Amino acid sequence: MTLKTRGRAITLLGLVFLAGVYVRAIWFTPVERLQGGAQKIFYVHVPAAWSTMLAFSLVGLASILYLLMKDERYDRFAAASAEVGTVFACVMLTTGPLWAKPIWGTWWTWDARLTSTLFLFFLFIGYLLLRGAIPEAGTRARYSAVLGIFGAALVPFIHLTVYLFRTLHPQPIVLKPSAPSLPGDMLATLLFSFFTFTILYVGFVTQRYALGRGDSHVG
Amino acid sequence: MLWADGVRHRFGGVPALDDVSFTLPAGHTLALFGPNGSGKTTLLKVLAGLIKPSLGHAGVQGGRGAIGWIGHQSLLYGQLTVRENLRFWGSLYRVRTPVLDARIASLTARVDLREQLDRRVGTLSRGQTQRAAIARALIHDPSVLLLDEPFTGLDRVAASQLTALVKEFAGAGEGRATILVTHNVEEGTELATDVAVLKTGRLVEFMPRNARTAGQIGARYRELVS
Amino acid sequence: MGEILRDAWVLARKDLALELRTKTGLASALVFTALVLTVFNFGRDPTAVAALDLAPSILWVTFTFAAVLSLNRAFQLELENQALDGLLVSPVDRRALYLGKLFANLCFVGFVEAVGLPLFALFFNISIVHVLPPLAALIAVATIGFVAVGTLLSALVIRVRFAELMLPVLLLPFFIPPLVGAVQVTARLFSGRPLSEVSGWLRLLLAYDLVFVSLATLLFPTTVDE
């Protein structure tokens with residue numbers, strides 16, 4: 001089985017699971033008392049944030065490994081992870097407002113997770129724009145790796161900034177129900193969704209990586 | 001002394017240098033000819049340490065501090081005077097101040113730029129700028145000279161002045177190993193003790209010049225590249 | 001280490017000499033800063049929002065824009081006559097190249113801030129004299145962070161298409177943590193609140209400087225060498 005086919009199979013599996021998540025979330029998970037049906041978007045929103053974070057961390061890791069080993073496969077992986085991460089960030093950033101509007105009457109809130117993901121989104125876009133502007137593969141890989149490492153170093157500062165800002169201006173915590181205090185069924189759906197999104201990440205990145213292998217002079 | 005050993009280099013997917021190997025002892029001047037895109041500049045950059053080759057090794061005896069580089073750009077700062085430029089570059093190459101000032105004086109005299117020492121480089125003519133570039137390249141008394149098409153954009157007079165200077169500084173008595181990349185077969189041959197031809201990254205010819213004339217070398221070159 | 005610092009100083013001195021010669025870079029940055037402050041003044045309704053509420057943000061957004069503008073020109077100086085290649089051929093340590101640029105950029109941006117700050121106090125009628133020492137220290141700490149990252153990223157974009165547009169896009173996410181921290185501390189200073197309230201932000205600023213100066217110094221050689 002080629003890598004592309006394997007990737008496609010994993011993605012398909014992930015999509016099937018995703019359908020399962022939807023079914024479970026809509027029909028087999030209790031409705032949250034305070035927020036009603038709109039709360040169910042949480043089962044997509046939170047795992048999307050998790051996938052974005054995962055994608056970004058792996059871009060950072062792959063960047064370090066590329067500079068150490070000079071193996072272009074790490075660079076290709078980083079590029080694939082960045083593209084997939086951007087997609088997940090978009091999912092998270094669109095489900096956020098969709099959730100916030102019915103609950104809070106406002107499309108956007110500067111809550112910790114939305115803000116952090118917005119930053120990751122900007123970093124991803126910058127990374128992809130840089131890649132797009134360098135035609136030569138070796139230079140592109142090297143510069144992307146440097147930017148990737150810098151971005152990874154920035155993330156703790158983003159979290160710290162958001163944390164310090166929030167202690168100044170306490171945000172409503174409705175958008176961040178913490179996992180342990182969730183009742184069993186909701187927790188189960190959430191965990192299943194985390195698992196599904198991870199599968200989707202693996203599937204998408206595998207396919208993108210396999211595509212990248214085909215045209216190594218375009219990348 | 002400088003050498004290349006099995007140097008291969010690719011830019012993206014394109015091979016720029018293909019198994020280049022040679023040695024050039026001190027006192028020799030190598031004229032390197034080749035069509036556009038044959039890898040001449042890449043080879044010089046590999047020797048200078050600007051590019052790390054995909055495979056193989058190349059280098060000069062004495063490392064970076066022993067290299068004098070002259071390209072078609074002057075590598076000088078237009079807003080600074082000739083003297084300031086020479087002081088700056090000399091300082092970077094660790095030439096001590098008393099030696100530096102003496103060398104500035106003697107070099108600018110040899111390249112006929114004494115009058116221009118305190119003029120900004122941006123106000124000099126192209127010929128004068130290239131002569132200043134030579135002074136810059138020699139400020140640290142390098143044992144290797146790498147010249148990448150230094151005659152570009154020079155008129156006849158300036159070009160022959162430059163040729164005379166290169167002959168003087170790269171001459172056998174000075175003990176330097178010199179590579180001159182040029183399109184101009186006449187000028188190249190006049191200065192060379194050895195001649196080489198690069199074609200699509202391969203060194204297809206490397207021979208001592210002996211007594212051959214520019215005409216003979218030119219003919220051999222045309223033979224090789226067609 | 002001493003040699004690296006010495007070389008960095010020689011390089012920084014050269015950059016500062018170049019800036020003072022042309023003056024256009026400095027003049028543009030100063031005029032730009034004054035214009036931004038003017039725009040901010042006309043962009044607000046003085047009856048609706050007190051100057052003191054917006055002032056810290058206005059000050060720091062102005063400084064941020066001025067910094068990005070200044071960083072754009074940082075390596076442009078080396079592109080004229082390909083002096084950058086000259087620097088890379090020389091034996092100078094690449095980290096000295098970074099530190100030299102960093103220092104020169106800090107002087108440049110620092111000068112613009114030193115002129116911008118009294119202008120800001122004038123335009124918005126904010127008394128800063130009584131908090132000048134801590135404010136100056138804060139500006140120094142935050143600026144080091146901006147310029148450390150900006151110097152490296154400006155080296156990254158010189159060989160890239162659309163460099164002037166790419167630099168702000170890449171740079172601004174990196175500016176946000178020190179920017180937010182600086183605004184918070186400035187707000188405390190202006191309203192006479194004790195600095196102990198913002199110890200978290202101060203620590204963030206210092207940690208940011210430490211991390212990014214180190215990281216940039218470490219990664220700069222990879223950025224400029226092929």
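Colleague: In which sense do S3(B) and S8(B) pair?

Modeller: Happy to start there, and please keep in mind that this is a predicted model. S3(B) and S8(B) are joined over four bridges. Ala31(B), for one, stands opposite Val195(B) in S8(B). The sense of the S3(B) and S8(B) pairing is parallel.

Colleague: Is Thr200(B) buried, partly exposed or exposed?

Modeller: Most residues other than glycine have a negative phi. Thr200(B), with its positive value near 40°, is placed in the loop between S8 and S9 of chain B. A residue needs 20 or more other C-beta atoms within 10 Å to be buried, and 12 or fewer make it exposed. Thr200(B) has 15 C-beta neighbours inside 10 Å, so it counts as partly exposed.

Colleague: Which strands are the edges of the open sheet in chain B?

Modeller: Six strands form this sheet, in the order S5-S6-S7-S3-S8-S9 of chain B, with mixed pairing. An edge strand here pairs on one side only. That gives strand S5 (67-70) and strand S9 (202-208) of chain B.

Colleague: Which residue is the bridge partner of Ile67(B) in S6(B)?

Modeller: S5(B) and strand S6 (residues 144-148) of chain B pair in the parallel sense, over four bridges. Within S6(B), the partner of Ile67(B) is Val144(B).

Colleague: Helix H1 of chain B packs on the sheet; what angle does its direction make with that of S6(B)?

Modeller: Helix H1 (residues 40-48) of chain B touches strands S3, S5, S6, S7 and S8 of chain B. H1(B) is mostly covered, with nine of its nine residues buried; among them are Lys40(B), Lys45(B) and Leu47(B). Just after H1(B), Gly49(B) takes a positive phi of about 85°. The direction of H1(B) and that of S6(B) make an angle of about 150°.

Colleague: What about helix H7 of chain B: at what angle does it run to S8(B)?

Modeller: Helix H7 (residues 214-225) of chain B lies across S3, S8 and S9 of chain B. Its angle to S8(B) is about 20°.

Colleague: Which residues have the most contacts inside the largest nonpolar core?

Modeller: That core has 188 residues, and it draws at least three residues from each of domain 1 and domain 2 of chain B. Leu146(B) touches Leu44(B), Leu47(B), Ala48(B), Ile67(B), Trp69(B) and Ile179(B), leaving aside residues up to four places away in sequence. The residues with the most contacts inside the core are Leu47(B) and Leu146(B).

Colleague: Which helix gives the most to the side of domain 1 of chain B that touches domain 2 of chain B?

Modeller: Chain B is divided into domain 1 (1-62 + 143-202) and domain 2 (77-139), with 23 Å between their centres, taken over C-alpha atoms. Nine residues of domain 1 are in contact with eight residues of domain 2. The domain 1 side divides into seven nonpolar, two polar and no charged residues. With five residues, the helix that gives the most is H5 (residues 156-170) of chain B.

Colleague: And which helix gives the most to the side of chain C that touches chain A?

Modeller: 22 residues of chain C are in contact with 24 residues of chain A. Helix H8 (163-190) and helix H9 (199-224) of chain C each supply at least two residues of that side, which divides into 17 nonpolar, three polar and two charged residues. The most, nine residues, comes from H9(C).

Colleague: One last one: is Asn125(C) buried or exposed?

Modeller: Asn125(C) lies in the loop between helix H6 (94-124) and helix H7 (132-157) of chain C. Its phi is positive, about 55°, although it is not a glycine. Asn125(C) has 10 other C-beta atoms within 10 Å, so it is exposed.

Notes: Residues are numbered from 1 along each chain as its sequence is written. Chains are lettered from A and ligands numbered from 1 in the order in which they are written. This is a predicted model: local features need pLDDT of at least 70, side-chain atom pairs count only at pLDDT 80 or more; totals for chains, interfaces and linings use all residues. Two residues are in contact if their C-beta atoms, placed from the backbone, lie within 7 Å. Ala, Val, Leu, Ile, Met, Phe, Trp, Tyr, Cys and Pro count as nonpolar, Asp, Glu, Lys and Arg as charged, and the others, Gly among them, as polar. Two strands pair if DSSP finds at least two bridges between them. Axes are lines fitted to C-alpha atoms, for helices over the stretch in contact, and angles run from 0 to 180 degrees between N-to-C directions. Domain bounds come from an automatic or database domain assignment. A nonpolar core is a set of buried Ala, Val, Leu, Ile, Met, Phe, Trp, Tyr and Cys residues joined through C-beta atoms within 7 Å.
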